[in-house]
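Here are my notes on this one, written as numbered points. Have the picture open while you read, and go through them in order.

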Amino acid sequence: MLSFDNDPDWLARLNGQVKDIVQSQGCEKPRPAKKQPSSGTSAKNPQKTSEADQKSAVLAPPIWLIPKISHSAYKTFEKCPRHYQHQYVLQDIERTETEATIWGTQVHTAFEEYVRDGKPLPETMKHWEKFAKAFVKMPGEKHVERGVFLNQQLELVELDAPDVWLKAYIDLMIWQPEKQTVVICDWKTGGSKYVDTAQLRLYCLLAFKLWPEAKQCKAAYCWLKEDRMGDVMTMDRSEIDSEWSKISDGWEKLDSAFRFDRWPMKRSALCGWCEAKKQGRCGG
Ligand code: SF4
């Protein structure tokens with residue numbers, strides 16, 4: 001699961017920054033050039049990757065106006081920028097637990113404890129043991145709910161680093177040194193109707209950060225409700241730069257929304273389930 005921590009101080013500074021830019025430039029003026037890192041990896045310049053330069057003694061200047069990034073936050077923006085604005089910028093909608101989110105948390109905890117500690121799955125999940133067992137039997141070093149944290153230069157940092165920017169918690173990774181392969185699984189409790197491999201691709205890129213000697217990553221969703229494993233996608237180390245570029249293209253849109261403080265409504269069937277609507281923040 002990916003997480004997104006809201007940072008009120010950062011957001012206050014960011015809102016001021018965005019306002020200054022919009023006021024000083026007007027909507028039609030060209031975007032100011034983004035500052036580029038002096039060294040290290042950049043999502044915008046993945047070809048400049050320097051795996052050896054994992055940490056900077058001095059914080060590098062920000063590249064993005066996006067305060068923090070995560071897969072789920074970006075997906076919210078993609079679905080509806082207005083929803084993203086209320087959830088992550090204005091933070092004026094309360095996060096509510098639903099039956100589905102509570103169930104999702106219970107399932108993830110149970111699978112985490114099964115793989116890590118050998119704790120049996122609860123009766124309600126026993127029929128899914130076959131999936132967890134298959135991964136447990138797989139040779140290699142198991143990592144469950146492993147946190148991976150990057151700064152804007154896409155360097156690995158600690159969770160509490162002042163420049164931590166991207167945070168991800170990956171359900172299950174198995175490092176197989178003999179094969180120089182990382183196997184990744186993401187447990188899904190929802191349906192697979194709108195399957196999107198973006199999350200798996202991001203996880204592969206993060207796994208390559210953790211294991212620089214890895215040559216490939218194999219990743220799949222496990223669709224528990226449908227009682228099946230999803231298709232396995234393979235990413236080769238040679239694809240790292242192009243994959244970061246694709247992700248970066250998406251982040252550009254979000255960055256632009258921050259730059260111009262533009263959060264249009266994107267009406268869809270999802271409006272019916274939207275918390276911004278339920279809590280009276282949007283009439284979409
Ligand atoms: S109700 Fe619809 S348009 Fe409004 S924020 Fe939610 S998803 Fe967007």
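**Notes on the model**

1. First, confidence. The mean pLDDT of the protein is 84, with 80% of its residues at 70 or more; pLDDT is the predictor's confidence in each residue, on a scale from 0 to 100. That tells you this is a predicted model, in which local features need pLDDT of at least 70 and side-chain atom pairs count only at pLDDT 80 or more, while totals for chains, interfaces and linings use all residues. Residues are numbered from 1 along each chain, as its sequence is written.

2. Two residues are in contact if their C-beta atoms, placed from the backbone, lie within 7 Å. Residues 46-53 are also below 50, with 16 contacts beyond near neighbours in sequence. Where pLDDT is low, the predicted coordinates should not be read in detail.

3. The overall layout. Starting at the N terminus, the order is α-α-α-α-α-β-β-β-α-β-β-β-α-α. Of the contacts between residues at least 6 apart in sequence, 64% join residues at least 24 apart.

4. Burial and the core. Of the 284 residues, 29% are buried. Buried means 20 or more other C-beta atoms within 10 Å of a residue's own, exposed means 12 or fewer, and partly exposed is in between, with C-beta atoms placed from the backbone. The largest nonpolar core holds 53 residues, and I184, Y203, C204, A207 and C217 touch the most other members. Helix 6 (residues 198-210) gives the most to this core, eight residues. A nonpolar core here is a set of buried Ala, Val, Leu, Ile, Met, Phe, Trp, Tyr and Cys residues joined through C-beta atoms within 7 Å. Click on A207: beyond its neighbours within four places in sequence, A207 is in contact with M173, V182, I184, A214 and C217.

5. The strands. Strand 2 (residues 166-176) and strand 3 (residues 181-188) pair antiparallel over five bridges; strands pair if DSSP finds at least two bridges between them. In that pairing, I174 stands opposite V183 in strand 3. The hairpin has four residues between the strands, and Q180 has a positive phi near 50° there. On to strand 4, which runs parallel to strand 3 and is joined to strand 3 by eight bridges. One place to look is K188, whose bridge partner in strand 4 is W223.

6. A closer look at D186. Leaving aside neighbours within four places in sequence, D186 is in contact with D171, Q199, L200 and Y221. D186 and G230 are 44 residues apart in sequence, yet 9.8 Å apart in space from C-alpha to C-alpha.

7. Helix 3 and what follows. Seven of the nine residues of helix 3 are buried, namely R82, H83, Y84, Q85, H86, Q87 and Y88. Their cover includes helix 2 (71-79) and helix 8. Just after helix 3, Q91 takes a positive phi of about 50°, and Q91 is not a glycine. Q91 is in the loop between helix 3 and helix 4 (99-117) and is partly exposed, because 13 C-beta neighbours lie inside 10 Å.

8. Finally, the ligand. Which of the 13 residues around the ligand come nearest? They are C80, C271, C274, C282 and G284, where a residue is near if its C-beta atom, placed from the backbone, lies within 6 Å. Helix 3 (81-89) and helix 8 (275-278) each supply at least two residues of the shell. By class, the shell has seven nonpolar, two polar and four charged residues. Ala, Val, Leu, Ile, Met, Phe, Trp, Tyr, Cys and Pro count as nonpolar, Asp, Glu, Lys and Arg as charged, and the others, Gly among them, as polar.
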